[in-house]
Amino acid sequence: MENLIANSTEAVAVILFGIGFTMLLFHRNLFRKLIGLNVMDTGVFLFLASMGYIEGRKAPIIVNGVQSTEAYINPLPASLVLTGIVVSVSVTAIMLSLTVRLYMRYHTLNLDEIYRMADHLEDDR
Amino acid sequence: MDFIRNFPMFSVVLSLFSGVLCTMLSGKKARIYTIIYECILLVMVAAVLRYTVVTGEAFTYVLGEFPAPWGNELRAGTLEASIAVLFIAVMLCAVLAGQHYVRKDIDESKVNIYYAILNLMTAALMAMTWTNDIFSGYVFLEILTLTSCGVLIVREIGRTTLAAVRYMILNLVGSGLFLLGVVLLYDITGNLLMVPMQREIAMLYQDPGARVVLIMATGILTIGLSIKSGLFPFHYWMPDTYGWATPTSGAVLSSLVSKCYIFLLIKIYWRVIGIDIFTDMPIRNVLFVLGLCGMVFGSVSAIRAENINRMVAFSSAAQIGYIYMGIGLGGTAGFTAAVFHIMAHAVTKSQLFLTTPRLAAVSGNSLRFKNLQGCALRDPNAGLFFLIPSLSMIGIPIFAGFSSKLFFALAAADRGGIKLILVMLALAASSLLNALYFIRTLIRIYTQSDSVKEKVRHHLDYNIPMAVLTLANLAMGLFSGVFAALIGQGFGMFY
C-alpha cells in the first residue's frame with residue numbers, strides 16, 4: 001500500500017492505460033475506440049514523464065553557470081514523450097480519416113452494424 | 001572505416017528519400033523509379049551481407065558519432081543482412097509481378113502515392129532490421145503500421161476500408177503494448193541501446209524483485225508483437241487484410257511486414273533480454289503452446305474457406321504458428337529453424353498471393369473455388385507457379401517447406417521430452433491438413449472443365465520474378481545447410 005501511494009502517478013498511468021486499452025479493444029463504436037486509443041497513449045506518456053522527473057531538479061538548460069549533473073533531470077524521457085505524441089497524433093489522424101470513409105459508405109459508426117452491412121452489400125466474388 | 005559500413009544507413013535514407021520523391025512523379029515514372037531504386041538497394045544490402053560473411057563479424061554504424069550510452073546506432077551482422085536481402089528481393093519481385101494489378105486496382109491519380117507508401121514501408125522494414133536502439137524500433141514499427149494500412153486502403157472498395165480498420169485497431173493495441181514494454185524496460189535499465197540494456201538486465205535478473213518487472217515487461221512486449229504478427233488467437237484479421245488488398249500489398253503484408261515484427265522480437269530476445277535469461281523465462285512455453293494451436297487452427301480455418309485467397313491467408317496463420325513454435329523451442333537450433341521458416345515462408349507465400357489473381361483472371365474474375373475449376377489448364381504458367389509453392393507448403397522434399405519442417409523436427413529432437421512429442425504430433429497434423437487443402441485446390445484447378453480455352457497473354461514482368469522466387473525456393477530446399485550455416489553465423493554474432 002505504501003508503495004502504491006509513493007508511486008501514485010504511475011498507478012494512475014497504468015489505470016489510464018487499462019481504461020484506454022479496454023475501450024480500444026471492446027467498444028463497438030469506432031469513435032470511442034479512437035478516444036480509447038488516445039487515453040491509452042496518454043497513460044504511457046504520463047508513466048514515462050513521471051518516471052523521468054526527479055523532485056527538486058531543473059530542466060536541463062544551464063543557467064547561472066551550474067554545471068553539476070545533480071542539478072538537472074535527464075532530458076531523454078521528455079523527448080521520448082514528444083516522439084510518442086507525434087506518432088500518436090499521426091495514427092489518430094489516419095484512423096479518423098478511415099472512420100470518415102466508413103461513415104460515408106455505411107452511415108453508422110457501430111462496427112457490428114458495419115460488418116453486417118458489409119456482408120450484405122459487398123460482393124465477395 | 002570501409003565505405004560499405006555506411007550502406008545500412010544509406011538503405012534507410014535512400015528509401016525515405018524515394019518515398020518523398022515518388023509523390024512528385026507521375027504514376028508511371030514512380031513505378032519505373034521504384035523498380036530501379038529497389039535494384040540499387042538490393043545490390044547494397046547484398047554487399048553488406050557479403051562483407052559481414054567475409055569479415056565474420058558484425059559492425060555498428062553510430063549516428064552522429066555520439067558514443068555508446070547516448071546516441072543512436074544501426075548494427076549489421078550476417079543475420080540482419082540476410083533478412084534485409086530477403087526483404088528487398090521479395091519486395092522487388094512483388095512490385096514487378098503485381099504492377100499490372102496496381103494499374104487495374106488503383107485510381108490512376110493515386111498510383112504514385114502507392115509507390116511512395118511502398119518506399120516508406122521499405123524504409124521502415126530496413127530501419128527495423130538494422131536498428132540497435134529499441135526506441136527507434138518503436139518509431140519505425142509505427143511507421144510500418146501506418147504504411148501497411150496505406151497500401152491496404154489504396155484500393156478503394158468497401159471491403160478494404162473495413163479490413164484496414166480491423167487491422168489498424170489490433171495493430172494499435174499491439175503498438176500500445178509494445179510501447180509500454182519498452183518504457184518499462186527503459187525505466188529499469190536506464191538505457192535504450194541494446195548492448196548497455198542487456199548488460200543492465202543481466203545484473204537485474206539476479207534480484208528477485210526486478211526479475212518480476214523484467215518478466216512482465218518482456219511479456220508485454222511479446223504480446224504486443226505477437227498481436228501485430230498475427231499469432232493465434234489474434235489471427236482472424238488475416239484473411240480480410242491479405243485477401244482484399246491489391247496483390248502486391250497482399251504479398252508484401254503477409255510475407256514481409258508480419259515477419260519483420262517477428263524478427264524484431266527475436267532481436268529483442270537475443271540482444272536486449274539475452275538468450276540465457278529468455279530461456280529461463282516462462283514466456284517461451286506460452287509462445288510454444290500458442291504456436292502449436294496456430295498451426296492446427298489456422299489450417300482448420302483454411303480448409304473451411306470458400307475463396308482461394310482466404311485459404312492462402314489462413315494458411316499464413318498456420319505458418320506464423322510454426323515460427324513461434326521454433327521460438328518456443330528455444331536454443332540456437334529452434335531460433336535457426338524459426339528464421340529459416342521466415343525466409344522459406346516469405347518466398348512461398350508471396351508467390352501464392354501474386355498468382356491467385358492470375359488464376360482468377362481466367363475464371364471470370366472470381367476467386368471462389370467453384371469458379372476456379374480447370375483454371376490451371378487455361379493459364380498453365382500461373383498453374384505451375386501455384387503448384388510449386390503449394391508443394392513447398394505441404395512439405396514435399398527438394399522444396400524449402402520440407403527443409404524448414406526438418407529443422408523444426410531436429411530442433412525438437414535436441415530438446416527431447418514432452419516438447420518433442422508435441423512438435424512431432426503438431427507437425428504431422430499440420431502437414432496432413434496442409435496437404436488436404438492444397439491438394440484439393442490443385443486437383444480442382446488441374447481438372448478439365450467444359451469452359452472454352454481462352455488465349456492468355458504472357459507477361460514477362462510476371463514470369464521472371466516468379467521464376468526467381470521458384471529458384472530461391474528450390475535453392476532453400478536443396479542447399480538448406482548453407483542457409484542454416486548463414487543463420488547460425490548470424491546468431492553467433494548476436495552474443
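These are my notebook entries on two chains and the place where they meet.

**Ground rules.** I am working with a predicted model, where local features need pLDDT of at least 70, side-chain atom pairs count only at pLDDT 80 or more, and totals for chains, interfaces and linings use all residues. Residues are numbered from 1 along each chain as its sequence is written, while chains are lettered from A and ligands numbered from 1 in the order in which they are written.

**Chain A.** I began by looking up helices and strands, which are DSSP runs numbered from the N terminus (H or I of at least four residues for helices, E of at least two for strands). Chain A has five helices and zero strands, giving the pattern α-α-α-α-α along the sequence. Its radius of gyration is 21 Å, well over the 14 Å that the globule rule gives for 125 residues, so chain A is more spread out than a compact globule. That radius is taken over C-alpha atoms, and the rule is 2.2 Å times the number of residues to the power 0.38. I noted a C-alpha trace spanning about 70 × 35 × 20 Å along the principal axes. Of the 125 residues of chain A, 22% count as buried. Buried means 20 or more other C-beta atoms within 10 Å of a residue's own, exposed means 12 or fewer, and partly exposed is in between, with C-beta atoms placed from the backbone.

**Chain B.** Here I found 19 helices and two strands. With 495 residues, a compact globule would have a radius of gyration near 23 Å, and the 22 Å of chain B agrees. The C-alpha atoms of chain B fill a box of roughly 75 × 55 × 45 Å along the principal axes, and 61% of its 495 residues count as buried.

**Where the chains touch.** I count a contact when two C-beta atoms, placed from the backbone, lie within 7 Å. Chain B brings 26 residues to the contact and chain A brings 30. On the side of chain B, α5 (134-153) and α6 each give two or more residues. The most comes from α6(B), with 15 residues.

**The helix pair.** Next I looked at α4 (residues 76-106) of chain A and α6 (residues 158-189) of chain B, whose axes come within 10 Å and cross at roughly 155°. That makes α4(A) roughly antiparallel to α6(B). For the wording, angles under 35 degrees are roughly parallel, over 145 roughly antiparallel, 65 to 115 roughly perpendicular and the rest oblique. Among the residues that meet are V91(A), M95(A) and L98(A) from α4(A), and L162(B), V165(B) and M168(B) from α6(B).

H107(A) is not a glycine, yet its phi is positive, about 55°. I located H107(A) in the loop between α4 and α5 (111-121) of chain A, and it is exposed, with 10 other C-beta atoms within 10 Å. N365(B) also has a positive phi of about 55° without being a glycine. This residue lies in the loop between α13 (331-361) and α14 (375-378) of chain B, and N365(B) is exposed, with 10 other C-beta atoms within 10 Å. Last, I checked the peptide bond from F232(B) to P233(B), which is cis, with omega near 0°. P233(B) sits in the loop between α8 (208-229) and α9 (238-244) of chain B.

Definitions and conventions: Axes are lines fitted to C-alpha atoms, for helices over the stretch in contact, and angles run from 0 to 180 degrees between N-to-C directions.
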